[in-house]
Amino acid sequence: MQLKLTDSKWLANLLLISPFFFWGTAMVAMKAVIPNTTPLFMAGVRLVPAGVLVLIVAAILGKPQPKGWVAWLWIALFALVDGTMFQGFLAEGLNKTGAGLGSVMIDSQPLAVAILALWLFGDRIGLWGFIGLVIGVLGISLIGLPDQLILNFLQKDAITLAGSWEQLFASGEWLMLLAALSMAVGTILIRYVCRYTDPVVATGWHMILGGLPLLALSSGVESQQWVNIDLAGWMALGYATIFGSAVAYGLFFYFASSGSLTSLSSLTFLTPIFALFFGNLFLGEFLSPLQWAGVGLTLVSIYLVNQREKLAAANTSLAEITSQSQTESQLKQAIVSLKEPETLL
C-alpha cells in the first residue's frame, strides 16, 4: 500500500510538472519550424486542432458542454486573452528571438498572477512566497537578459546600457512580455470561467475560438504559410499542437481551477529551463555562467514558493518553542528566587 501511495504521489508530481515540460520543448519545436512558415499561421495551427482534440477527450469523459450566454461570454473573453493575444504575441515574438530567451520572458508572469490572485481571491503568498517570487524574477532575468546588458548595468555604463535596452526591445522581447501578461490574465480568468462550465471543455473551446482569428489574420496578411514546411516541420508543429497545447493546456487549467494559482504559476519557472536545455541540445543555444546562476536561483524560487506554507508553519512552531522555552526559563528563575530567602533562613 505504501508503494502504491508513493507511486501515486510521484505520478501526481509528474503530471503537475508535465505542462511546463511540454511548453518548454514546444517552444524549441516552434523555433525550429518558424523559418519555413509564418507566425500567425503557426499560432493558429497550434490552437485549433488542439482544441478539437481536447473537446473529443471531454466528450469521451462525458463532460457537459457550456450552457447559457454567460458561460459563452466568459469562454469568449478567455479565448481572446489566453488564445488569440497570448499565442499571437508569442509567435510574433518567437520570430525575433530565441526559444530559451522567449520562454524566459514569457515566464515572468507568475509575479503578475500572484498579485492578481492576492487582489481577487485572497491567495496570499506570505513572506517566503514573496522572497521566492523575487528570486525567481532575478533568476529568469539572469537566464534571459543579455550578459552585456547585465554587466553594463553593474558597471553603470549609461550610454552602453541605453543602447543595450534599445537592442533588447527591438528584437521582440517586448512582445514576449505582452504574451506573459496575457497568460497571467488568462490564468486568473479560468477561475471565473469554471464557475459556469467544465475547465476541460472551456480549455478546448477557448483554443478553437482563440485560434480561428489567428488563422483569419494569417490568410489576410501572410503568404506561403505551409509551402516550405517539410516532414520534420509538420512533425514539430504536430508536437507543439498535441503536447504543447492540447495536453499541456488541459492539465494546466485543470490544476489552475482547483489549486493555488500562485504555487502553480510559480512552476512556470521550469519552462525556460526545459526550453534552454533542449534549445541547447537541438538548436545549439548555449548557456553562459550568468544563465547557469539564473537556473539555480529559479530552482530555489520554485522551492520557496511551493513550500511557503510549510516554511511559515515551521517558523511559527520554532517561535512558539522558543517562546515556551523562554517562559519556562523565566518561571524556573522565579521559583529559584522565591526559594533563595528560605535557604538563607
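Guide: A contact here means heavy atoms within 4.5 Å. In this predicted model, 89% of the contacts between residues at least 6 apart in sequence join residues at least 24 apart.

Visitor: How many helices and how many strands are there in the chain?

Guide: The chain has 15 helices and zero strands. Of its 345 residues, 46% count as buried, that is, under 20% relative accessible area.

Visitor: What makes a set of residues a nonpolar core, and which residues have the most contacts inside the largest one?

Guide: The residues must be buried, of the nonpolar kinds such as Leu, Met or Phe, and joined through side-chain atoms within 4.5 Å. The largest such core has 67 residues, and those with the most contacts inside it are Trp23, Met27, Met42, Phe86, Leu90, Ile106 and Phe253. Helix H2, residues 39–60, gives the most to this core, with 10 residues. Another core, of five residues, lies apart from it and includes Val113, Ala184, Ile188 and Tyr192.

Visitor: Which residues does Leu90 touch?

Guide: Leaving aside residues up to four places away in sequence, Leu90 touches Met27, Met30, Arg46, Ile106, Met176 and Ala179.

Visitor: Why is Val221 called exposed?

Guide: A residue counts as exposed over 50% relative accessible area. Val221 has 63% relative accessibility, and therefore counts as exposed. Val221 belongs to helix H10, residues 199–221. Between Val221 and Leu40 there are 9.1 Å in space, C-alpha to C-alpha, although the two are 181 residues apart in sequence.

Visitor: Why are H2 and H10 called roughly antiparallel?

Guide: Angles over 145 degrees count as roughly antiparallel. H2 and H10 pack at about 155 degrees, with their axes 7 Å apart, so the pair is roughly antiparallel. The crossing of H2 and H10 is left-handed. The residues of this contact comprise 21 nonpolar, six polar and no charged.

Visitor: How do you know that H3 and H10 are oblique to each other?

Guide: Roughly parallel requires an angle under 35 degrees, and roughly perpendicular requires 65 to 115. Helix H3, residues 69–94, packs against H10 at about 55 degrees, with the axes 7 Å apart. The two helices are therefore oblique to each other. Their crossing is right-handed.

Visitor: Which residues make the contact of H3 with H10?

Guide: Among them are Trp72, Ile75, Phe78 and Asp82 of H3, and Trp205, His206, Leu209 and Pro213 of H10. By kind, the residues of this contact divide into nine nonpolar, six polar and one charged.

Note on methods
Residues numbered from 1 in each chain as written. Predicted model: local features only at pLDDT ≥ 70, side-chain atom pairs only at ≥ 80, totals over all residues. Heavy atoms only, no water. Buried < 20%, exposed > 50% of the residue type's maximum accessible area, 1.4 Å probe, protein only. Helix = DSSP H or I, 4+ residues; strand = E, 2+ residues; numbered from the N terminus. Axes fitted to C-alpha atoms, helices over the stretch in contact; angles between N-to-C directions. Left-handed = near helix turned anticlockwise from the far one by under 90°. Nonpolar A, V, L, I, M, F, W, Y, C, P; charged D, E, K, R; others polar.
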